[in-house]
Amino acid sequence: MTKPQPIFTAAATGNTPPTPAITSTDQRRKRCGTPTTSLSLDGDILCIIFAFLNMFDLVRCSLVCKFWNAILESRSLREFYEKKLLKDSSSSSESTKKSLSVVLREVAMEQHRLALQCGAFHVDQWKGHSTAHLFWLNIEKTNGSKGQKHIAKDLKHFLADHVIRVWSLDRYKCEEEYSVPDTLPLVDFDFDESKIVGLIGSRLCIWRRNGKRSVFPSLEGKFITGSCMRYFDPEAMVGFDDGAVRVFDMYSRRCSQIIRMHSAPITCLCLSEDQLIVSGSASGNITISDPSSVQKVARLGSSDFRGIKTLCLKPSSQLLFAGSAVGYTYCWDMRTRRLLWEKRVSPNVVYSLQHMQNDKSTLAVGGIDGILRFVNQNDGNIVSSCIMEDKLWATYQSHSGSIRRKKGKRLPEDTYINIDVIPKNSRPSITCLAVGMKKIVTTHNARDIRLWKLKDKNICTL
């Protein structure tokens with residue numbers, strides 16, 4: 001358990017930890033028998049323990065189970081922390097008007113921001129496969145306790161030997177594996193908690209999480225091979241080199257719509273919360289279309305005529321981020337369709353950019369130069385640049401082989417100019433990345449997967 005912070009201890013403040021309103025502990029004792037785990041502690045004891053924790057640790061405790069969450073939401077404990085907030089000169093009066101869950105969420109995101117921008121970190125690295133390159137990954141996000149416990153901690157990547165694998169980031173173990181039909185290249189894929197939908201050549205393939213697989217009938221000869229796809233049940237949107245997006249109904253297995261979006265090949269796709277299709281093209285333009293009316297809603301132009309390589313759209317912020325073939329990043333407001341900023345963060349291609357859901361401060365950017373950069377979402381300025389040092393720190397054995405742990409290094413501000421002085425073996429190209437709470441996962445052309453674990457810059461004293 002995290003070391004108690006003085007501002008939250010009864011001795012430091014003179015306050016007595018509150019008594020929770022929850023009294024359903026007798027039944028828990030009968031069910032659990034002799035108390036041997038933390039889940040068998042009654043509400044009074046837990047309430048006293050929670051009073052000694054800092055805010056960020058309380059966020060983690062609230063996710064353990066419904067019983068712990070109910071204690072943290074109890075009136076007595078909430079009033080106890082409101083008194084703490086009032087005594088803290090750095091806290092505003094508005095903070096005390098918010099619910100404890102909102103305050104905890106804000107504290108967690110602030111700690112996440114500080115960790116990304118200036119916290120110490122180390123990197124765990126392992127081989128995704130012995131003979132293949134890694135192309136895509138994502139950290140799954142699902143609703144429900146079961147999904148959060150298992151699926152939300154996994155990443156997916158595709159291997160050139162026709163395999164999709166699901167890795168556990170906790171145990172560095174391959175949890176699931178799905179084979180791709182032989183002789184057909186997997187171009188792109190998307191997923192939800194029950195299925196994986198992949199674009200293989202000019203066909204769509206569905207893998208059920210229970211192991212069953214089905215392939216759409218061949219569409220070759222009707223149009224060229226797809227270049228990217230996104231899936232939102234029950235439809236899959238596929239972008240093609242002819243500049244059109246084709247919408248496929250996953251149940252009828254038919255192409256239900258053809259939406260002409262660009263005159264150049266489509267390079268990337270994303271979907272908005274209100275089901276608008278956003279696509280980037282090789283010409284550097286971004287088009288927003290409404291599939292319900294098959295009409296273009298807006299066209300967003302960029303200064304990069306070599307093409308848009310990646311898009312990131314999160315409904316929590318209503319901001320659209322894009323990375324280009326010559327190292328530019330862009331930000332548009334989806335509500336006004338106005339360009340907010342454009343910055344060149346790298347001298348080379350930006351392959352991937354992401355931010356954590358509900359995070360409105362920091363954007364993680366990776367590309368061909370192999371440097372992991374953190375960018376301010378509000379103005380596009382680089383706040384930190386990171387690489388992994390060559391010196392081996394430790395080696396561990398996991399279910400999937402050797403895990404090599406190395407220290408991370410933050411680079412000086414002038415790294416953009418002097419990038420060639422950094423050895424290339426310290427910065428292999430980042431082909432894709434995903435963002436979790438105080439962690440980044442990256443894949444590389446060297447067949448490696450890296451998990452960047454960032455620590456707190458300091459301890460929050462709210």
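These questions and answers go through a predicted model of one chain.

Me: What are the ground rules for the numbers here?
Reply: This is a predicted model, so local features need pLDDT of at least 70, side-chain atom pairs count only at pLDDT 80 or more, and totals for chains, interfaces and linings use all residues. Residues are numbered from 1 along each chain as its sequence is written, and side-chain values use heavy atoms, with hydrogens and water left out.

Me: How many helices and strands does the chain have, and what makes a run count as one?
Reply: The chain has eight helices and 28 strands. Both are DSSP runs, numbered from the N terminus: helices are H or I with at least four residues, strands are E with at least two.

Me: What share of the chain counts as buried?
Reply: Of its 462 residues, 53% do. Buried means under 20% relative accessible area, exposed over 50%, and partly exposed in between, with a 1.4 Å probe and protein chains only.

Me: Why is R373 called buried?
Reply: The relative accessible area of R373 is 3%. The limit is under 20%, so R373 is buried. R373 is found in strand β23, residues 372–376.

Me: What makes the pair R373 and V345 a polar contact?
Reply: A polar atom of the R373 side chain lies 2.9 Å from the backbone oxygen of V345. A polar contact is a pair of N or O atoms within 3.5 Å; within protein, one must be able to donate a hydrogen and the other to accept it, and residues adjacent in sequence count only if both atoms are side-chain atoms.

Me: Why is N425 called exposed?
Reply: N425 has 55% relative accessibility. Exposed means over 50%, so N425 qualifies. N425 is found in the loop between β25 (401–410) and β26.

Me: Which residues does N425 contact, leaving aside neighbours within four places in sequence?
Reply: N425 is in contact with D390 and R450. Contact means heavy atoms within 4.5 Å.

Me: What makes strand β26 largely enclosed?
Reply: Seven of the seven residues of β26 (430–436) are buried, so the rest of the structure largely encloses this strand.

Me: How do you know that β26 and β27 pair?
Reply: Two strands pair if DSSP finds at least two bridges between them. Six bridges join β26 to β27 (439–444), and the two run antiparallel.

Me: Which strands form the open sheet of four, and in what order?
Reply: The order is β9-β10-β11-β12, with antiparallel pairing.

Me: Why do β9 and β12 count as edges?
Reply: β9 (226–232) and β12 (254–260) each have a single partner strand, so one side of each is left without a neighbour in the sheet. Between strands β10 (235–240) and β11 (244–249) there are five bridges. M237 is bridged to V247 in β11.

Me: What makes a nonpolar core, and which residues have the most contacts inside the largest one?
Reply: A nonpolar core is a set of buried Ala, Val, Leu, Ile, Met, Phe, Trp, Tyr and Cys residues joined through side-chain atoms within 4.5 Å. The largest has 17 residues, and L372, F374, L433, I440 and W452 have the most contacts inside it. Elements that each supply at least two residues of this core include β23 and β26. Another core lies apart from it, with 16 residues, among them V278 and A298.
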